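Open your viewer and get ready to select a few residues at a time. We will go from stop to stop, and at each one I will tell you what to look for.

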Amino acid sequence: MKPVLKLYRGYANEQELIVMGHVFHPTTKEEYDFQKRKFRNAKSIIRMFQMKTQANADVYLEWDGLKIHTKTMDDGYFKFCIPIAKVSGYGWMEYQVSIFHEGEEIIEQGSYVRPHLGNLGFISDIDDTFLVSHTRNVFKKLYILLFRNVNDRKIFEDVVPHYQALSTAGRNNKEEQNAFFYVSSSEWNLYRFIVQFTELHQLPMAVLLLKDIKTSLADFFMSGRGNHNHKFDKIKHILEFYPNLNYTLLGDDSQEDAFLYENICKIFPVNVKAVYIRQTGHDKKAKVQVVLDIIASLGVAVCYFKHSSEAIAHSRSIGLMV
């Protein structure tokens, strides 16, 4: 059996390329099948949280005629941060990473984005922002994750036209897309599921930045829970990596999005232009409204909405989309 190499979407600016992935120990377990239903789907989901990672595995990135070497961290995760001597294009491009097993090279192709020149960037949460997840009810959330396959999972009405319009906002060439990032408290275990879901619903192709991988059944029952500091760190990193973009932040009120976005707005008072928070319960939360009022006092456009049609109307009213 061979070790398993998984690559994630990377990203680049004018000076640096960042690509990442995981190396897993050999396994006889089959890949998660997105078409399975009920208990077969649950079995596949649980298997994704039982994959064993490989620490200190040798990993090689093919870049600009060089083979750059690093090793995986204790949790099997690797990340290349490579200085760029010359810019070779914009949009989505491919990269290649390999590992060796008993003298045989195992090669995988990944993709990375260098956003087309422009001035807009979008950072969106996933669960209960565009993917109906019932985060406020942990038992319902786990039930849906286990027993609903990717085809059965629901997306909020009018999210797709909103996100599609934002992805080309301000662009004369509609083939070029604005920078899009999906930042979530879901773990890397769910990466392929999220990619499949976004492709199925034709959401903008985006870089995914997720939480550290989980490798046990006990961890599975804590999926998406705990503190959300990693989301703050990853959003802060994006704004620092692309400092010349004007950002729109999209989230929901089921967890801590509004409070994270408040801190981001305070640190980056020039970069954030709009904040959207989806209302997930019957009523708006008073403490969320207080935070949004603070954000608005910084000159940021805010929208606390129940239905995406309200968010679309707001985006039009502030000139974010036509």
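A word to have ready before the first selection: buried means under 20% relative accessible area, exposed means over 50%, and partly exposed lies in between, with a 1.4 Å probe and protein chains only. This is a predicted model, in which local features need pLDDT of at least 70 and side-chain atom pairs count only at pLDDT 80 or more, while totals for chains, interfaces and linings use all residues. Residues are numbered from 1 along each chain as its sequence is written, and side-chain values use heavy atoms, with hydrogens and water left out.

**Cysteines**

Select C303. At 8% relative accessibility, C303 counts as buried. How far is its sulfur from the closest cysteine sulfur? The distance is 14 Å, to C265, which is too far for a bond. Searching the whole structure gives zero disulfides, a disulfide being a pair of cysteine sulfur atoms within 2.5 Å. Now pick C81, which is partly exposed with a relative accessible area of 40%.

**Strand β8**

Helices (H or I, at least four residues) and strands (E, at least two) are DSSP runs numbered from the N terminus. Show β8, residues 120-124, where five of five residues are buried. In a regular strand the side chains alternate between the two faces of the sheet. Both faces of β8 are covered, with L120, F122 and S124 on one side and G121 and I123 on the other.

Next, bring in the neighbours; two strands pair if DSSP finds at least two bridges between them. β8 pairs with β11 (residues 246-252) in the parallel sense over five bridges, and S124 stands opposite L250 there.

**Aromatic rings**

Rings of Phe, Tyr and Trp (its six-membered ring) pair if their centres lie within 6.5 Å; planes under 30 degrees apart count as stacked, over 60 as edge-to-face and the rest as tilted. By this rule there are 18 aromatic pairs. Start with Y8 and W188: their ring centres are 4.2 Å apart and their planes at 10°, so the pair is stacked. Y8 lies in strand β1 (residues 4-12) and W188 in the loop between β9 (179-187) and α4 (191-200), so this pair ties together parts 180 residues apart in sequence. Both Y8 and W188 are buried.

Back at Y163 and F180, the pair is tilted, with 5.7 Å centre to centre and 35° between the planes. Y163 belongs to helix α3 (residues 159-167) and F180 to strand β9, so the pair ties together parts 17 residues apart in sequence.

**Arginines over rings**

A charge sits over a ring if NZ of Lys or CZ of Arg is within 6 Å of the ring centre and within 35 degrees of the ring normal. Select R9 with W92: R9 lies over the ring face at 5.8 Å from the centre. Then try R278 with F156, where R278 lies over the face at 4.0 Å from the ring centre.

**Helix α4**

For the last stop, show α4. Its buried residues include Y191, F193, I194, V195, F197 and T198. Just after α4, Q202 takes a positive phi of about 60°.
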